[in-house]
Each structure stands twice: as C-alpha cells, then as structure tokens.
Amino acid sequence: MHEMSIAEGIVDIALDTLQKNNGTVVHSIQLNLGRMSGVEKEALLFCFDAVTKGTPAEGATLAITTLPIVGHCVDCDKEFPVENYRFVCPYCKSHMIATVSGRELQVTSIDMD
C-alpha cells in the first residue's frame, strides 16, 4: 500500500514545517489530491492516523480537496473537464489532449500552534 509512504511524507512535511516555525502541535493539514493521482483517499486517511501516533501531529485532521481532471486540447486550444477518463475534446473531437490538472498531490497548508 503506497498510501503509507505518502502519509509518512505528508507528516514529515508537517513536522519539518512545525520545527522550522518553532511550533508545538499540528492541528490540521490541507491537501490537494487529483483524481488521477493514484492515491486512494480512504486508505490515505487510515494511514495518516497511524503515522501521526506519538508525534506532535497526533489527533490532527487531514482535510483533502479532490481536484477534477482537466484536459487541454492541443488542436483547438480549449480546456475542458475530463469525464469518465475519456480524453476526447468535446469541441473538436481530437484525441490530442494534455492533462492540465488531476494528478496533484500537494500539501497546501498546515494549521499549527
């Protein structure tokens, strides 16, 4: 389960930030998670709870914002939401699609004291 190593990385980021800012406790971590990130949200939440035990982040919440998949058509230069992983431009029917968003895995903020 790669969610465990991802959760460890998230907690490492939070604890490093806590230390650099002379904090004592992490209350919450906000995370952007793209639909194509390959990360299972429920598994990540479970692993997060496990890896925070005994740390200044124990009891912290992991608030996850799921980001949609957005495509950009190379042929007609339009952006559009990708539905059901169908990478076909709804405007010109081209299959030349670049992914604009949907692969994110990013800590966006940390609430701490």
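**View 1. Surroundings of His72 in the predicted model.** His72 touches Asp77, Lys78, Glu79, Phe80, Met96, Ile97, Ala98 and Val100, leaving aside residues up to four places away in sequence; contact means heavy atoms within 4.5 Å. His72 belongs to strand 3 (residues 70–73); strands are DSSP runs of E with at least two residues, helices are runs of H or I with at least four, and both are numbered from the N terminus. This is a predicted model: local features need pLDDT of at least 70, side-chain atom pairs count only at pLDDT 80 or more, and totals for chains, interfaces and linings use all residues. Residues are numbered from 1 along each chain as its sequence is written, and side-chain values use heavy atoms, with hydrogens and water left out.

**View 2. Helix 1 against helix 2.** The axes of helix 1 (residues 3–20) and helix 2 (residues 41–52) come within 8 Å and cross at roughly 55 degrees; axes are lines fitted to C-alpha atoms, for helices over the stretch in contact, and angles run from 0 to 180 degrees between N-to-C directions. Helix 1 supplies Glu3, Met4, Ile6, Ala7, Glu8, Ile10 and Val11 to the contact. Helix 2 supplies Ala43, Leu44, Cys47, Phe48, Val51 and Thr52.

View 3. Three strands form an open sheet in the order 2-1-6, with mixed pairing; two strands pair if DSSP finds at least two bridges between them. Strand 2 (61–67) and strand 6 (105–112) are the edge strands. The twist averages 20 degrees from one strand to the next. Strand 1 (residues 26–34) runs parallel to strand 2, joined by seven bridges. Asn32 stands opposite Thr65 in strand 2. Helix 1 packs on the sheet, touching strand 1, strand 2 and strand 6.
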